[in-house]
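This briefing walks through a single protein model, topic by topic, and is meant to be read with the structure open alongside.

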Amino acid sequence: MVIFPNAKINIGLNIIERRADGYHNLETVFYPIKINDVLEIIESDELSFESTGLDIPGRVEDNLCVKAWHMLKKDHDVPPVKIHLHKNIPIGAGLGGGSADAAFFIRLMNETFNLKLSVDDMQNYARRLGADCAFFIESKPVFAFEVGDEFEAIKLDLSAYKIVLVMPEVHVSTSEAYRGVKPADVKTSLIELIDMPVANWRKYIKNDFEESVFKNHVEIRGVKAALYEAGALFASMSGSGASVFGIFNELPDLSHLEGENQVFYDI
Ligand SMILES: C[C@](O)(CO)[C@H](O)COP(=O)(O)OP(=O)(O)OC[C@H]1O[C@@H](n2ccc(N)nc2=O)[C@H](O)[C@@H]1O
Ligand SMILES: Nc1ncnc2c1ncn2[C@@H]1O[C@H](COP(=O)(O)OP(=O)(O)OP(=O)(O)O)[C@@H](O)[C@H]1O
């Protein structure tokens, strides 16, 4: 069976406090976008993993799909599978690609082997693999809090707009990005701000990672400025970077950015 894990963007990201376990409490809005990997599992005699498309750094045994299989195997009588992942979602982009693969792998195993896991069960498994992972079980727009794995549904529909994403030739490590931020409480929660018209977001909605990440990677700041110059109503880095998205009324011409960056139109 084949499934198509999708990426996310973060619309606003407030890092509120550092926790005793080293993680951070935050608030953000996760919004699913149409950049997809392709993930297939076939029942087999032994567990195997192969990938095509973008190179995935790290060892196969650390791939989140493989980790997800071992985690499920502990609690359920599931057979070995041959896993094929075609990787399209840029890595180190703040798009949650690895987390999406893991969550969609859990969904695929649940369906294929009739594990009868509820959405809650699957989210609980997903949270064990990464803070971002649980969102991808349903992959619907949500306001997220705690470490980014508790949710409140929101009615955010950006389908009337054109979303464009620019991925510079830079990778940003998530843990390094967290180390660069000084957590602070917020005056008005993002769950209220997100209800404003998109054209007002620029004034009020921010991503706390931008300040420190832009300091180390000026080219990312340049991409954000270029999106506003091209007419974006709102532009922001996603998650801990390096990708930057823009929300437009009409598709912009970003051919001047295409040389040094990968540009995804209408995602
Ligand atoms: C930046 C975001 O993408 C925003 O949505 C996420 O917070 C990152 O989520 P993720 O990649 O699933 O994160 P994990 O794989 O769980 O953790 C990677 C590293 O990020 C840091 N981390 C992550 C999430 C969080 N709420 N606080 C943290 O401090 C920790 O240092 C952790 O070691
Ligand atoms: N299936 C996978 N796809 C991509 N990376 C994976 C996968 N499994 C494990 N990883 C590891 O996770 C690291 C980061 O992956 P990912 O693409 O999720 O990062 P990101 O774009 O920064 O996302 P996030 O929004 O979660 O910060 C990679 O460097 C890789 O070593």
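In this predicted model, four strands form an open sheet in the order β1-β4-β6-β5, and the pairing within the sheet is mixed. β1 (2–3) and β5 (48–53) stand at the edges with a single partner strand each, so one side of each of them is left without a neighbour in the sheet.

- As a general point, the strands of a sheet pair through backbone hydrogen bonds, in either a parallel or an antiparallel sense.

**Strand β9 and its partners**

- Strand β9 (residues 162–168) is mostly covered, with six of its seven residues buried.
- β9 pairs in the antiparallel sense with strand β11 (residues 244–248) over five bridges, and in this pairing I163 has I247 of β11 as its bridge partner.
- β9 also runs antiparallel to strand β12 (residues 261–264), to which four bridges join it; here the bridge partner of M167 is Q262 in β12.

- The largest nonpolar core has 71 residues, of which A68, A102, A103, F105, I106 and A126 touch the most other members.
- α2 gives the most to this core, with eight residues.
- Which parts of the chain does this core lie between? Domain 1 (2–153) and domain 2 (162–264) both give residues to the core, so it lies between these two domains.
- When its neighbours within four places in sequence are left aside, F105 is in contact with L39, C65 and A68.
- In helix α3 (residues 119–127), the buried residues are M122, Q123, Y125, A126 and R127, and the buried residues of α3 pack against α1 (64–75), α2 (97–112) and α4 (135–138).
- More generally, nonpolar side chains in soluble globular proteins tend to be buried together.

**The shell around ligand 1**

- Ligand 1 is surrounded by 19 residues, and the closest of these are G130, A131, D132, V147 and G239.
- β3 and α5 (174–179) are the elements that give two or more residues to the shell around ligand 1.
- The residues of the shell around ligand 1 divide into six nonpolar, 12 polar and one charged.
- Domain 1 (2–153) and domain 2 (162–264) both give residues to the shell around ligand 1, so it lies between them.

**The shell around ligand 2**

- Ligand 2 is surrounded by 22 residues, and the closest are G58, L64, G97, G98 and D101.
- α1 and α2 each supply at least two residues of the shell around ligand 2, and α2 gives the most, with four residues.
- The shell around ligand 2 is made up of eight nonpolar, 11 polar and three charged residues.
- Each of domain 1 (2–153) and domain 2 (162–264) contributes at least three residues to the shell around ligand 2.

Technical notes: Residues are numbered from 1 along each chain as its sequence is written. Chains are lettered from A and ligands numbered from 1 in the order in which they are written. This is a predicted model: local features need pLDDT of at least 70, side-chain atom pairs count only at pLDDT 80 or more; totals for chains, interfaces and linings use all residues. A residue is buried if 20 or more other C-beta atoms lie within 10 Å of its own, exposed if 12 or fewer, and partly exposed in between; C-beta atoms are placed from the backbone. Two residues are in contact if their C-beta atoms, placed from the backbone, lie within 7 Å. A nonpolar core is a set of buried Ala, Val, Leu, Ile, Met, Phe, Trp, Tyr and Cys residues joined through C-beta atoms within 7 Å. Domain bounds come from an automatic or database domain assignment. A residue is near a molecule or strand if its C-beta atom, placed from the backbone, lies within 6 Å of it. Ala, Val, Leu, Ile, Met, Phe, Trp, Tyr, Cys and Pro count as nonpolar, Asp, Glu, Lys and Arg as charged, and the others, Gly among them, as polar. Two strands pair if DSSP finds at least two bridges between them.
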